[in-house]
Amino acid sequence: MRQKPGLNDRKIRLKSVNAHITCLLCKGYLIDATTITECLHTFCKSCIVRHLKDHNSCPKCHLVIHQSHPLNYISHDRTMQDIVYKLVPNLQEIEKRQEEEYYQKLGLPHPKSTSMSDEKENELTDRVTSRNCDDKTDQDYHRSDEQVSVSLEVSHDGQLRPLKRRYIRCSVQTTITHLKKFIALKLYRDMSRFKDVEILCNEELLGKDHTLKFICMTRWRNKDIPLQLHYRPRIEL
């Protein structure tokens, strides 16, 4: 009897995921994937840096990242880049070769050392990560950050339903905007509705750029964990 193919045998056409692994700005596959921390949209590093020199908003959703320093709110997305390289055959090798040809043509040394094999480079990166090296250029910032436990409680007005899992643990660098998007995704299944949610601590409305570290230091000092935050629908004044 012929067996049905298992989940591991399922093949997916690359074009079906292209929209998720290409850069909106250059229309090519993501290279040096870089994510805007305020809206979580991802672009090639060179593309988004070039864009933010003249603009302060996301080129996809047009959210204002920061009025004066938008470049401080982008972060290298190693996970996304690894996914792209695994999905697109030979992309990493082609990109590496093109970089080498470019710098050779200009007569400049390649900024990334080519004398080290990929295997040794990965081994060294793992070693550096395990030691919690202060230089976090090639590390995942959020996984190595100090963590904080948070309880997300629905406000007493009862207009929104409680989350099934109200306890979360995340980086102290997480902002209120990130939490609002998380709540919007859980309640409305639509992250773009994050502006419909407000978050409070000790009945005080919190600003969108406040980090959990800042809140713990200023609103929750010397109190028991977890940090208790309440959410409610946005109130129009």
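Five strands make up an open sheet with mixed pairing, in the order β5-β4-β8-β6-β7. At its edges stand β5 (167-171) and β7 (204-205), each with a single partner strand, so one side of each is left without a neighbour in the sheet. Strands here, like helices, are DSSP runs numbered from the N terminus (H or I and at least four residues for helices, E and at least two for strands). Two strands count as paired if DSSP finds at least two bridges between them.

Before we go on, a word on the model: it is predicted, so local features need pLDDT of at least 70 and side-chain atom pairs count only at pLDDT 80 or more, while totals for chains, interfaces and linings use all residues. Residues are numbered from 1 along each chain as its sequence is written, and side-chain values use heavy atoms, with hydrogens and water left out.

## Walking through the sheet

Let us start with β8. Five of the seven residues of this strand (residues 227-233) are buried, so β8 is largely enclosed by the rest of the structure. Buried means under 20% relative accessible area, exposed means over 50%, and partly exposed is in between (1.4 Å probe, protein chains only).

Strand β4 (residues 147-154) pairs with β8 in the parallel sense over five bridges, and Val154 has Tyr231 as its bridge partner in β8. Strand β6 (residues 197-201) runs antiparallel to β8, and four bridges join the two. Within that pairing, Val197 stands opposite Pro233 of β8. Further along, β4 and β5 run antiparallel and are joined by five bridges; here Gln147 stands opposite Ser171 in β5. In a regular strand the side chains alternate between the two faces of the sheet.

## Salt bridges

How many salt bridges does the structure hold? There are six, counting a side-chain nitrogen of Lys or Arg within 4 Å of a carboxyl oxygen of Asp or Glu. Side chains of opposite charge can pair when their charged atoms come close.

| Pair | N to O distance | Relative accessible area |
|---|---|---|
| Glu146 and Lys213 | 3.0 Å | Glu146 47%, Lys213 34% |
| Arg193 and Asp196 | 3.0 Å | Arg193 35%, Asp196 24% |
| Glu198 and Arg232 | 2.8 Å | Glu198 11%, Arg232 18% |

The pair of Glu146 and Lys213 forms a salt bridge. Glu146 lies in the loop between α6 (141-144) and β4, and Lys213 in helix α8 (residues 212-218), so the pair ties together parts that are 67 residues apart in sequence. Glu146 is partly exposed, and Lys213 is partly exposed too.

Arg193 and Asp196 meet through their side chains. Arg193 counts as partly exposed, and so does Asp196.

Is Glu198 buried or exposed? Glu198 counts as buried, and Arg232 counts as buried as well.

## Two cysteines without a bond

The structure holds zero disulfides, a disulfide being a pair of cysteine sulfur atoms within 2.5 Å.

## Ile74 and its contacts

Ile74 lies in strand β3 (residues 74-76). Ile74 and Ile36 are 38 residues apart along the chain, yet their C-alpha atoms are separated by 4.4 Å. Leaving aside residues up to four places away in sequence, Ile74 touches Thr34, Thr35, Ile36, Ile48, Val49 and Leu52, where contact means heavy atoms within 4.5 Å.

Leu40, Leu185 and Met191 make a nonpolar surface patch of about 240 Å². Patches are made of residues with over 30% relative accessible area and no salt bridge, with like charges joined within 9 Å and nonpolar side chains (Val, Leu, Ile, Met, Phe, Trp, Tyr) within 5 Å. The areas come from the Shrake-Rupley method with a 1.4 Å probe, and for residues only the protein chains shown count as cover. Leu185 lies in helix α7 (residues 176-188) and is partly exposed, with a relative accessible area of 43%.
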